[in-house]
Amino acid sequence: MKLPTQLALLGLVQLIIAAEHNDTLLWGPYRPNLYFGLRPRIPHSLMTGLMWFGTHDYQSISRTRHACDQGDNLDGYTWTEYDTRQGGVQVIQDTTNNVKITTEFLKVPGGDHGGSWAARIKGEPIKPGVPSRISTIFYFGLEGIGGIEMETDENDNDLKGIKGEFRLSGSTPELDDFVVRVIDGPNNNALTDGPHADAFEERIGRTHFLGQPVAAGGIWQAKDSILNALITRAREVIAPYQDPATGPPDPSYVLQLPDEVYSGSNLFAVQKLFDGPFQFDVFFESGSSKQKLSTTILDQGIPALVESYGQRFQSVFPYPEDYAKEKELSMEAFSKAITSNLVAGVGYFYGTSIVNRKFSYEWDEEEDTPPSSAQEEDGEEITSGARLTEPRALLTATPSRSFFPRGFYWDEGFHLLHIGQWDNDFSLEILKSWIDLIDEDGWVAREQILGEEARSKVPEEFQTQVPNYANPPTLAMAVTAFITRLKTNAASRGPSNQDLGLDLGMGGDAQTPLNLPSVEAMGSRYLDSPEEALAFLKSIYSPLKRHYDWFRRTQRGQIKQYARKARSRTEGYRWRGRSELHVLTSGMDDYPRGQPHAGELHLDLISWMAFFSRTMKEIAEYIGETDDAISFRQIETAILGNIDGLLLIFPIVIRLTRATDLHWNEEEKMYCDVNVNDEDESDHVCHKGYLSLFPLFLSLLSPSSPQLGYILDLLQDPEHLWSPYGIRSLSASHPEFGQGENYWKGPIWIQTYIAQPGPYQAKAKEIYTELRRNVVDNVFKEYERTGYVWEQYDAITGEGKRRHVLPRHTRYHAQLSSFSHPFTGWTSLTALILAEKY
């Protein structure tokens, strides 16, 4: 009777694997809006943050670094390596304070409550001959149920600070018991010969601290609480030094925490002051792991992490043979950095959002109101006006740590294409987190502004979300990419044990070694287990189908009116929520469109719906929902007929008459939006640019489509879209090119496509080859020139840019001369383009 024992062993192995899987992903730099902020994926729990300021003068404290801010004018803050399951290394260049700060973060799995971690913060002067005097403050804040207290012996403190280790202990229901320790490096120095040093001799070179109670939900404002306490003490200390003849003490003697801990404190700050190079370590030890961490784990673990990361990176994103060998090191470092910054930019957010269920523009009111906003909620009629929702949680990548440190639906599908190549399972956790936000009606807000901290970065007039507003359904791209990886992995793996009749792989007297998977394998659990992959797809299918139905119900356009002829009388779509000058819901905010009208039909939206239908068909086929798959195929066929005049009768394609082309303009030889003119007749609105290319971008055209030739001609024409740096978003010959906000009116965004067999294959391959090199070379050139990747690139010069005139919704903040950087969101796709991982 060995089988029950073997089953039990197999079950134990799976539990161990699952535990280690959870350990490695619980903690991370999930506060991406901070230069270095750690937290677990728990709504109310322990959070940390790093602050620093220069002590060479008294003004520098007003420029304390904490949250990523372009106004800090840092020369760069880049994760040079970051792995979701091991940790990583970040380099921060602060020329103003003459310091290069390196943050090293190492995950240490073990125990039953998410594992432990270690962090090392070290600094060195950028200019060795110039003073580098820095104060760092590392804080720990606890939200929710539980407690934290200082364990370091204060008997000899007498408000003079601490020598040696600083220690906290705490406990929460999710983390259980834990200990936090902060330990100095071996070669730290403090300023000992500054003005009035004798008066402060007993405090120089010590660790200073603060313990304060903070109201629920207030830890995100830790910087203000800590600096207020520091400045209050500083005013008292400096008061006796008003004689201009003797001058004030050195700032490093005055700008210190008060060494006080108040009853009920849930925020603790640890301050260190340095003159020259410095280093200190922070250890979080989970009580259930029974392992005490030491500096050795960082001494050995970080070099090992860097080496293993480099080896794995070369395997996942190999350097292409068509690029010069002498550029390999620099381009690989660039590719590693933008990949690491994308992955380390993933955040965990929890909080309420603001929703107005009855707002609409007048051109959106002419049709029946969707049930989601007309029906009663909880037995009461929904009243107009913005309201707070119940708090929700979200794990998401962020487009920009400085400007947009929150989740954007439009961006997330692109993020997950990249993250999924590096860590498939982590990308699925993010995808599932987004899908969990889909409500009972099928809606998910296009911008996730969860909680007060997120709202603090967004002007009040742009915080409210409206439940009939959509965004491009890019999550479908992430699902399609996962299914593609599944099929590719299955094809390369060959027949499974089950296929070979071996099932558990435990026949006869075979023994099962208890070998835990490698870090790389931990990121591909769903790829290696068809059963788990199937279970995952089944788990997201119902809410995703609800979301798909919501799109078809709420964004449907008018076809029967205005004497429009189309293959399908139902498959036309219009973005809701547009204004006179913007179609923000489309993601292409200021791209030229017609006037707002209830009769508009948008080419990009119908293209997205064709892609979404195809994705739903693929999922349905994979999980065995045969009837649904047939329905999705029929809808996809109808939509493609309205885009390209095609009738798909598998396995053949029949071209219909030109009269059935809803969006093709034969005179302009391009795809266009549809609107209603002054004579109340249907008319095309044609603006050559990205919009015209959507059927190509989303692979909706048959390789033999005659329209494909015209699109390739348009794309390759330097008078219109072609440039040495990428594809312009709007034709250079368009009267609005480069005008107004100039967000989608010419600037280059990062995208590419793959050539397919057919009559245009040679031309498509030629375009692809040159376009790929143009995009990669320009993004790399600008990265080397500026130290950053950018949201978009100038259509004439190729320079990195993003001019903020209006919010990104219109992408916030009226800073006429400001450019958004770093923007590691979809610009990080450059790494995939370089390695040709599509």
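This is a predicted model: local features need pLDDT of at least 70, side-chain atom pairs count only at pLDDT 80 or more; totals for chains, interfaces and linings use all residues.
Trainee: How many helices and strands does the protein have?
Mentor: Helices (H or I, at least four residues) and strands (E, at least two) are DSSP runs, numbered from the N terminus. Counted in this way, the protein has 19 helices and 36 strands.

Trainee: What percentage of the residues in the protein is buried?
Mentor: A residue is buried under 20% relative accessible area, exposed over 50% and partly exposed in between, with a 1.4 Å probe and protein chains only. Of the 838 residues in the protein, the buried ones make up 59%.

Trainee: Which strand pairs with E10 over seven bridges?
Mentor: Two strands pair if DSSP finds at least two bridges between them. Strand E9 (residues 147-150) pairs with E10 in the antiparallel sense over four bridges, and there isoleucine 148 has glycine 170 of E10 as its bridge partner. A hairpin of three residues leads from E10 to another strand, in which aspartate 177 is the bridge partner of serine 171. The strand that pairs with E10 over seven bridges, in the antiparallel sense, is E11 (residues 176-184).

Trainee: Is strand E10 largely enclosed or largely open, and how many of its residues are buried?
Mentor: Strand E10 covers residues 166-172, which is seven residues. It is largely enclosed by the rest of the structure, because the number of its residues that are buried is five.

Trainee: Is serine 286 buried or exposed?
Mentor: Serine 286 is found in strand E15 (residues 278-286). Leaving aside neighbours within four places in sequence, its contacts, meaning heavy atoms within 4.5 Å, are with His113, Gly115, Ser116, Leu175, Asp177 and Phe178. Its relative accessibility is 4%, and therefore serine 286 counts as buried.

Trainee: What distance separates the C-alpha atoms of serine 286 and glycine 170?
Mentor: Along the chain, serine 286 and glycine 170 are 116 residues apart.

Trainee: Which strands are at the edges of the open sheet of three strands?
Mentor: The sheet has mixed pairing and the order E20-E17-E24. Strand E17 (residues 354-355) pairs with E20 in the antiparallel sense over two bridges, with leucine 388 of E20 as the bridge partner of isoleucine 354. The edge strands each pair on one side only, and they are E20 (387-388) and E24 (464-465).

Trainee: How are helices H7 and H10 oriented to each other?
Mentor: Axes are lines fitted to C-alpha atoms, for helices over the stretch in contact, and angles run from 0 to 180 degrees between N-to-C directions. Angles under 35 degrees count as roughly parallel, over 145 as roughly antiparallel, 65 to 115 as roughly perpendicular and the rest as oblique. Helix H7 (residues 409-422) and helix H10 (residues 475-493) pack at about 20°, with their axes 7 Å apart. That makes H7 and H10 roughly parallel.

Trainee: How are H10 and H14 oriented to each other?
Mentor: The axes of H10 and helix H14 (residues 603-623) come within 9 Å and cross at roughly 40°. The residues that make the contact include Met477 and Ile483 of H10 and Trp608 and Phe611 of H14. By the angle between them, H10 and H14 are therefore oblique.

Technical notes
Residues are numbered from 1 along each chain as its sequence is written. Side-chain values use heavy atoms; hydrogens and water are left out.
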